[in-house]
Amino acid sequence: MNALAPVLASVSGTDFIQNLVSGLALGSKYALIALGFVVVFRATGVINFANGAFVLVGAYMTYQFFQTWEINFYLSILLAMAFGFLLGVVLEALVLRRLVGEAPFTVIMVTIGLLFVMDNVVTAVWGATNLDLGDPWTGNVVEVGGVRMSHRDLWAMAFTATVLAAFLAFFRFSSMGLAMRATAADPEAALAQGISARAVYRVAWGIAGLVAALAGLTFATGNANIQPTLGLIALAAFPAMILGGMDSPLGAVIGGIIIGLVQQMTELYAFEYLEWAGRNPQTVAPYVVMIIILLVRPYGLFGTPEVRRV
Amino acid sequence: MDKRWRRLLAAFLASMLLLGACGGRDDDNDNGDAAPPADDTPTDTADDDDDGNDDEPPGDPEPGPGFDGETIRLGVLTPTSGVVAIIGEPLTAGNQAYFDYVNEELGGIAGQYRVELVIEDTAYDPSTATQRYAAVRDDVVAFVQILGTPVVNALLADLIDDDLVGGPATLDSAWVRQPNLMAIGGPYQTQAFNAIDWWYSQDENEGTVLCTLASDDEYGDTGVEGVEFAADNLGIDIAVQAEFPAPSPTRAAQTFESQISQLQGGGCEVIFFVATASDTGQVATALSENTGYNPTVIGQSPSWLGPFAGIPYLQENFYLASEGAEYGDESVPGMAELVRIKDTYAPDQAPDLYFNFGYLQAMAMTQILEQAVANGDLSREGIIQAMADVDELTFDGLSGDYGYGPAEDRVPPLVSSIFRPNPDVPMGLEAVERDWEAPFAGDYVYE
């Protein structure tokens with residue numbers, strides 16, 4: 001208790017809460033990305049690093065629909081999500097399906113390759129310079145009890161809550177959601193029950209593309225924030241998926257929020273109390289938390305123990 | 001049928017991906033040969049421009065690494081992918097446009113040796129840069145551009161070991177005394193201390209609380225050093241020195257909320273901002289969404305990109321410390337020529353601060369290579385000697401002239417210019433103050 005006193009005294013209560021809110025919002029964005037990881041892993045057992053490419057393309061396609069083709073902003077979001085779904089389906093059909101039955105390592109390397117290839121495609125099409133989405137949310141805030149919440153952050157949190165609810169309902173009540181669970185658990189048994197693994201894989205990749213496009217939008221808002229490195233942010237969300245449990249939508253969201261909060265709070269206090277940790281401890285802190293949680297719970301907070309690891 | 005369609009689709013997608021992959025880098029390398037010829041007759045110009053060498057014709061330089069007796073190959077180590085490609089690409093376009101002009105209108109260096117660029121993608125990553133350097137060092141006579149303070153630091157020992165010259169596209173004052181580095185422009189430290197001196201020279205800014213917001217790396221340190229030097233000389237305190245992680249492939253998303261909490265908590269009214277352009281938009285967003293806190297931000301030159309001129313917060317509260325004149329200001333002798341060369345050899349390139357710097361680097365390298373040819377020696381050692389033999393690198397007013405000679409005698413420009421955003425002018429920057437020199441500028445020790 002005594003050790004905490006100087007820390008608490010150095011930052012005002014408002015700053016603390018402000019950064020807490022900011023960490024929650026950031027965590028919501030990470031959660032959206034992590035949900036994209038989860039849906040592919042849950043259905044196929046593959047860790048899809050190409051998820052970063054979906055995030056990137058989602059951000060640029062929203063820009064394309066809204067700024068270049070001057071379509072209504074909210075309709076642009078829906079169109080970008082539809083494009084993300086289509087991109088996921090096409091990549092699964094053209095690339096991933098040919099790798100069914102290959103070693104997980106091979107498939108993972110292909111998804112990493114797709115991430116870097118799509119990064120170059122985006123640069124070739126839209127250029128390397130920053131683009132301004134010009135979204136209607138930037139610059140608008142609501143203030144509650146002295147704590148600011150930007151419209152951008154509120155929308156990100158709303159998107160995450162909605163997608164999580166939809167995921168839970170999908171996996172619990174829809175036949176395709178149940179088919180995904182069955183296929184991931186035992187593809188041959190699922191096939192014997194008439195479940196089409198091909199359709200399951202395709203839909204899973206499509207959903208991942210759709211959700212990642214929404215995540216891309218949340219990172220693209222703000223002033224001139226669209227840039228080719230947006231796809232790499234997906235790697236920052238990776239610990240969220242791992243510590244939440246690789247096949248758990250709820251775990252992805254909780255994991256995302258934990259990572260967002262840890263990053264934000266480390267940043268808030270690092271300048272004063274973590275100088276001994278070298279430069280940029282906030283970049284490392286999420287991975288430290290991930291390692292600690294995995295030491296205690298090897299399958300993550302909400303993961304299923306049967307999950308295969310790579 | 002189904003398979004055929006899938007194969008066709010797969011082939012189409014693969015070719016699209018390949019096109020995209022090629023577009024990211026190697027196109028730039030091809031531009032040199034593909035550049036359109038100038039309207040003027042180049043051979044006449046080449047003959048006329050042989051001034052200075054009439055009395056004492058030099059012996060022909062011997063072929064060697066990077067020089068086959070006809071073509072001089074120069075390396076470019078720059079990010080053409082990743083977050084800092086937004087700087088690397090226009091810089092390289094500036095290098096290329098000027099050498100296209102030299103090749104097509106002047107007949108090459110000293111009217112006879114064409115220049116070819118060998119462009120390698122560093123991704124702004126020191127370890128990648130080290131690999132790319134090793135891959136091309138035997139194919140070039142020198143590197144006209146090496147982008148990034150951490151990258152230059154990583155390569156400096158190799159440059160010295162290999163007797164190679166490199167042109168840092170970064171303005172750290174540490175380069176001034178390095179015999180192997182072709183430093184140009186006022187160092188970042190100079191930009192910083194001149195900008196702070198200019199700010200406090202305005203009566204209405206007296207007593208304002210000074211702070212810094214810098215990336216947590218060597219580049220960030222440069223600006224902070226300059227601000228500290230100014231603060232010492234002006235007798236003011238720096239209330240808060242906030243930091244944030246430098247751009248890297250592993251960096252998480254930045255909100256800048258905690259840094260702004262620090263700055264606001266310290267009552268900061270003017271913030272010197274040391275960052276690359278990849279973070280400026282996010283900082284502007286965070287400040288604009290922080291109701292009731294509107295500090296003035298003075299950015300170090302790499303923090304700017306043209307699209308930022310449209311950001312309302314920056315229009316109201318931002319200055320940029322850089323040097324030279326407003327784009328298109330033809331009262332500056334070299335500006336009309338820069339505009340003409342850009343329009344001729346890089347017509348698709350928008351006016352850009354980094355294009356201009358790349359152009360200046362090529363101007364500087366041309367002067368050094370002309371000296372090396374005059375000495376009859378285009379070897380690596382010959383180019384280092386040529387740098388020591390040149391008295392001054394001149395830029396026709398586009399940048400301050402740089403006293404050259406042996407590294408220990410070099411004197412960088414001591415002036416900086418202050419700009420502010422204006423979306424209605426090229427590059428989005430309007431000059432507020434030209435060639436400002438702090439009274440204590442001459443006291444800064446370049447180590």
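**Salt bridges, sheets and the interface**

Modeller: Over all chains, the structure holds 14 salt bridges. Keep in mind that this is a predicted model.

Colleague: Good to know. Which residue forms a salt bridge with Lys29(A)?
Modeller: That would be Asp153(A), and the closest N and O atoms of the pair are 3.8 Å apart.

Colleague: Nice. Let's go to the interface. How many residues of chain A are in contact with chain B?
Modeller: On the chain A side there are 46, and they are in contact with 47 residues of chain B.

Colleague: What area do the two chains bury between them?
Modeller: About 3,900 Å², with 53% of it on carbon and sulfur atoms.

Colleague: How many salt bridges are there between chain A and chain B?
Modeller: Two. In one of them Arg148(A) pairs with Glu257(B), with 3.2 Å between the closest N and O atoms.

Colleague: Which elements of chain A supply the side that touches chain B?
Modeller: Several supply at least two residues each, among them α2 (13-44), α4 (73-94), α5 (104-126) and α11 (249-273), along with strands β1 (141-144) and β2 (147-150) of chain A. The one that gives the most is α2(A), with six residues.

Colleague: How do the residues on that side divide into nonpolar, polar and charged?
Modeller: On the side of chain A that touches chain B, 18 are nonpolar, 20 are polar and eight are charged.

Colleague: Changing topic to the sheets in chain B. What is the strand order in the four-strand open sheet?
Modeller: The order is β2-β1-β3-β4 (chain B), and the pairing is parallel. At the edges you find β2 (114-121) and β4 (166-168) of chain B, each pairing on one side only. Neighbouring strands are turned by 25° against each other on average, ignoring direction.

Colleague: How many bridges pair β1 and β3 there?
Modeller: Four, between β1 (residues 71-78) and β3 (residues 142-146) of chain B, in the parallel sense. One place to look is Gly75(B), whose bridge partner in β3(B) is Phe143(B).

Colleague: Which helices pack on that sheet?
Modeller: Helix α4 (residues 85-105) of chain B does, touching β1, β2 and β3 of chain B, with its direction at about 165° to that of β2(B). Helix α13 (residues 353-374) of chain B packs on the sheet too, touching β1, β3 and β4 of chain B, and its direction makes about 160° with that of β3(B).

Colleague: And the open sheet of seven strands, what order does it have?
Modeller: It runs β6-β5-β7-β8-β9-β12-β13 (chain B), with mixed pairing. The edges are β6 (238-244) and β13 (429-436) of chain B; each has a single partner strand, so one side of each is left without a neighbour in the sheet. From one strand to the next, the twist averages 20°.

Colleague: Do β9 and β12 run parallel or antiparallel?
Modeller: Antiparallel, with three bridges joining β9 (residues 318-322) to β12 (residues 416-421) of chain B. Ala321(B) has Ile418(B) as its bridge partner in β12(B).

Colleague: Last one: which strands does helix α8 of chain B touch?
Modeller: Helix α8 (residues 218-234) packs on the sheet against β5 (210-215), β6, β7 (270-274) and β8 (296-300) of chain B, and its direction makes about 165° with that of β5(B).

How values were computed:
Residues are numbered from 1 along each chain as its sequence is written. Chains are lettered from A and ligands numbered from 1 in the order in which they are written. This is a predicted model: local features need pLDDT of at least 70, side-chain atom pairs count only at pLDDT 80 or more; totals for chains, interfaces and linings use all residues. Side-chain values use heavy atoms; hydrogens and water are left out. Contact means heavy atoms within 4.5 Å. Buried area is the accessible area (1.4 Å probe) that two parts lose on being put together, summed over both. A salt bridge is a side-chain nitrogen of Lys or Arg within 4 Å of a carboxyl oxygen of Asp or Glu. Ala, Val, Leu, Ile, Met, Phe, Trp, Tyr, Cys and Pro count as nonpolar, Asp, Glu, Lys and Arg as charged, and the others, Gly among them, as polar. Two strands pair if DSSP finds at least two bridges between them. Axes are lines fitted to C-alpha atoms, for helices over the stretch in contact, and angles run from 0 to 180 degrees between N-to-C directions.
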